[in-house]
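The following exercises ask for a careful reading of one protein structure.

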Amino acid sequence: MSSEQGPAPRAQAWRAVAGCVGRSFVMLARRQVHLPGENVGRVLQFADGSTSRVYRETAVRAAPGEPCTLVVAFRLRLVRGRAHRLFEAESLLNTPLFVGFPGFVSKLWCAHDDRGVYRGFYEWDGAERAHHYAASLWRVLELVSVPGSIRYKVLPGLRRDEALADPARMEAAAAGAGPAWWRLLGHP
């Protein structure tokens, strides 16, 4: 079963983010966070007609017990033109906001598409953990995003690299196709 949901209650979300930040700094100090380069530069094409370039990858471990793919999308307020490149550079500083969440495996950071939409394309260990993260992250994103632009999709049982290799597996993992913003089509 896949789903798309809304934000966590504010107090719960901010407690989760604070805990994550603490764990993240420990992980960073222990050099458990890596920036692989094999997907950087890759262009992803989505079923809504948009394309997005992967500008960074972050990973902490390789073998989830209960793999799932998570796709998060949002549009930043007040970011236009060259400011997109500045955001891409600055966004590395946002790493402590997610790597310490329980179940995080990896993230592809996708640059804005022609509509200004950014995406995170993640692998997670456990669908419930992915939901918890996305619902908590919503509260951080709502501070800087266009109202109504935040959304996420959790696809249980699907490894991120399987989705990249065979995008048809994304639709097969979903309970219903629904909106196309999260589905990969393949390579442009």
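**Exercise 1.** Determine whether glycine 100 is buried or exposed, and state which residues it is in contact with.

*Solution.* Step 1: the relative accessibility of glycine 100 is 4%, so this residue counts as buried; buried means under 20% relative accessible area, exposed over 50%, and partly exposed in between, with a 1.4 Å probe and protein chains only. The model is a predicted one, in which local features need pLDDT of at least 70 and side-chain atom pairs count only at pLDDT 80 or more, while totals for chains, interfaces and linings use all residues. Residues are numbered from 1 along each chain as its sequence is written, and side-chain values use heavy atoms, with hydrogens and water left out.

Step 1: glycine 100 is located in the loop between helix 2 (83-90) and strand 4. Helices (H or I, at least four residues) and strands (E, at least two) are DSSP runs, numbered from the N terminus.

Step 2: apart from neighbours within four places in sequence, glycine 100 is in contact with Cys20, Arg23, Ser24 and Met27, where contact means heavy atoms within 4.5 Å. From C-alpha to C-alpha, glycine 100 and valine 60 are 9.4 Å apart in space and 40 residues apart in sequence.

**Exercise 2.** State at what angle helix 1 and helix 3 pack, and which residues make the contact.

*Solution.* Step 1: helix 1 (residues 10-29) and helix 3 pack at an angle of about 100°, and their axes are 9 Å apart. Axes are lines fitted to C-alpha atoms, for helices over the stretch in contact, and angles run from 0 to 180 degrees between N-to-C directions.

Step 1: helix 1 is therefore roughly perpendicular to helix 3; angles of 65 to 115 degrees count as roughly perpendicular, under 35 as roughly parallel, over 145 as roughly antiparallel and the rest as oblique.

Step 2: helix 1 contributes Arg10, Gln12, Ala13, Trp14, Ala16 and Val17 to the contact, and helix 3 contributes His132, Ser136, Arg139 and Val140. By class, this contact of helix 1 with helix 3 has five nonpolar, three polar and two charged residues. Ala, Val, Leu, Ile, Met, Phe, Trp, Tyr, Cys and Pro count as nonpolar, Asp, Glu, Lys and Arg as charged, and the others, Gly among them, as polar.

**Exercise 3.** Locate aspartate 48 and identify its contacts.

*Solution.* Step 1: aspartate 48 belongs to the loop between strand 1 and strand 2 (51-59). Its relative accessibility is 24%, so aspartate 48 counts as partly exposed.

Step 1: beyond neighbours within four places in sequence, aspartate 48 is in contact with Arg115, Arg119, Ala180 and Trp181. Alanine 180 is 132 residues from aspartate 48 in sequence, yet the two are 5.0 Å apart in space, C-alpha to C-alpha.

**Exercise 4.** Examine the phi angle of arginine 31.

*Solution.* Step 1: arginine 31 is in the loop between helix 1 and strand 1 (43-46). With 69% relative accessibility, arginine 31 counts as exposed.

Step 1: the phi of arginine 31 is near 60°, a positive value in a residue other than glycine. Most residues other than glycine have a negative phi.
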